[in-house]
Amino acid sequence: MDKKILNLFEFFKSTLLINLSVCLVSLFFGTIDTFFFVFASYGFVITILYKEIYKKNDYLFYYNNGVSKLQLIGFSYFFTIFLSVLFLILKEIF
Amino acid sequence: MRSHILEVDSIRKHFDYKLVISDVYLKCVSNDIIALLGRNGSGKSTLLRIIFGIVSAENKYIRIDGIVKNKTASLLDEISYLHQESFIPSHLSVKKAIFLSISFEKRICFLEDSLIQSILSKKISYLSSGELRYLEIKLVLFNSSKFVLLDEPYNGLSPIMIEKVNQLIKDNSLKKGIVITDHNYENVIRISTQLLLMKDGKIHAIKDKNELVEKGYLSLRMT
């Protein structure tokens, strides 16, 4: 598989843990719909802010593999939205 | 093998009204190992960061093979950069970091290294600073870029590791242009093909070690 896609997916995976932690906290104050809303909005923003403050050097690893910050964040956000929509559809079906 | 040319022109950078870099010109061709020396705060690291695109400059022209490439995204496939601090995400394993950075064709050659073999099953967060530095240098040198900027590569390396790194730099300079800056000037001078000194925001071409004394980078006792 293309090296860039693997790097984009690895970055996306690294956003999941923080995003899901924020979403779990939000679950205490709302419903399952709140969980998906936070996952695709505040959760993602908080994850990127966390990376910007505490993991800034990590971006250099991806730059050296030919992937820009815009591509990393854009791809991750697209995948986050895709996952939220997918889960919402599954929730409606079952 | 095709030779490539990196030209950096008219770079200007101020920090709090102080002119740190003033109209710098630098040319690096494949096979070059350019040593960029200078005192602390002379702007060497800033210059490398501007070239790589992670620090902005008031003015800059970067050309690769005659084509102007001023946007960071357009430079990422052409230039790789070794940062002063560690930059491999700590949650990755060594194997994963190699898998994400090195193309399939180069991977076998990359792995033919006793040090890399000894750390292959470890996580990045468990590596010693020397092991991590060595891995970072090797990843940066082995990726598909045409030029490599090495900012203080010898940081935290033992003399034997320095020898290994010097050999890596020499081997990879056959295919790439390399710019290296480090305060370990003896090693830098030993492997370089060209010496440059940054002073007062400008780059000066240096012919021999004595000129480094004249320009105030080394003292007489050090030569």
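Okay, housekeeping. This is a predicted model, so local features need pLDDT of at least 70 and side-chain atom pairs count only at pLDDT 80 or more, while totals for chains, interfaces and linings use all residues. Residues are numbered from 1 along each chain as its sequence is written, chains are lettered from A and ligands numbered from 1 in the order in which they are written, and side-chain values use heavy atoms, with hydrogens and water left out.

Which residues of chain B lose the most area to chain A? Those are B:Leu76, B:Phe87 and B:Leu100, together 33% of what that side buries. In terms of contact, meaning heavy atoms within 4.5 Å, chain B puts in 26 residues and chain A puts in 19.

Now the polar side of it. Across the interface there are 10 residue pairs in polar contact, both at pLDDT 80 or more. The rule there is a pair of N or O atoms within 3.5 Å; within protein, one must be able to donate a hydrogen and the other to accept it, and residues adjacent in sequence count only if both atoms are side-chain atoms.

Where does chain B's side come from? The elements giving two or more residues to it are strand E6 (79-82), helix H3 (94-101) and helix H6 (129-142) of chain B. H3(B) supplies the largest share, five residues. By type, that side divides into 15 nonpolar, eight polar and three charged. For the record, helices (H or I, at least four residues) and strands (E, at least two) are DSSP runs, numbered from the N terminus. And the classes go like this: Ala, Val, Leu, Ile, Met, Phe, Trp, Tyr, Cys and Pro are nonpolar, Asp, Glu, Lys and Arg are charged, and the others, Gly among them, are polar.

On to salt bridges: a side-chain nitrogen of Lys or Arg within 4 Å of a carboxyl oxygen of Asp or Glu. The count over all chains is 17. How many sit between chain B and chain A? Two.

One is B:Asp77 with A:Lys4, closest N and O atoms 3.1 Å apart. That pair runs from the loop between helix H2 (72-75) and E6 of chain B over to helix H1 of chain A. B:Asp77 is partly exposed at 41% relative accessibility, and A:Lys4 is partly exposed too, at 27%. The cut-offs: buried is under 20% relative accessible area, exposed is over 50%, partly exposed is in between (1.4 Å probe, protein chains only).

Then there's B:Lys96 with A:Glu10, at 2.9 Å between the closest N and O atoms.

Inside chain B, have a look at B:Glu78 and B:Lys146, whose side chains meet in a salt bridge at 2.7 Å, N to O. These are distant parts of the chain, 68 residues apart: B:Glu78 in the loop between H2 and E6, B:Lys146 in the loop between H6 and strand E7 (147-151). Buried or partly exposed, then, for B:Glu78? Buried, at 9%, whereas B:Lys146 is partly exposed at 23%. As for networks, salt bridges that share partners join A:Glu10, A:Lys13 and B:Lys96 into one.

There's also B:Glu7 with B:Arg63, 3.5 Å between the closest N and O atoms. B:Glu7 is in strand E1 (residues 5-15) and B:Arg63 in strand E4 (residues 59-64), so this pair ties together parts 56 residues apart in sequence.

B:Glu78 comes up again through B:Lys69, which touches B:Ile62, B:Ser74, B:Leu75 and B:Glu78, leaving out residues up to four places away in sequence. B:Lys69 sits in the loop between strand E5 (67-68) and H2, and at 17% relative accessibility it counts as buried.

Leaving aside neighbours within four places, B:His4 is in contact with several residues, including B:Lys146, B:Phe147 and B:Asp65. B:His4 is in the segment before E1 and is buried, at 12%. Its side chain makes a polar contact with the side chain of B:Asp65, at 2.8 Å.

A:Cys23 is buried at 0%, and B:Cys109 is partly exposed at 43%.

Key
Buried area = accessible area lost by both parts, 1.4 Å probe.
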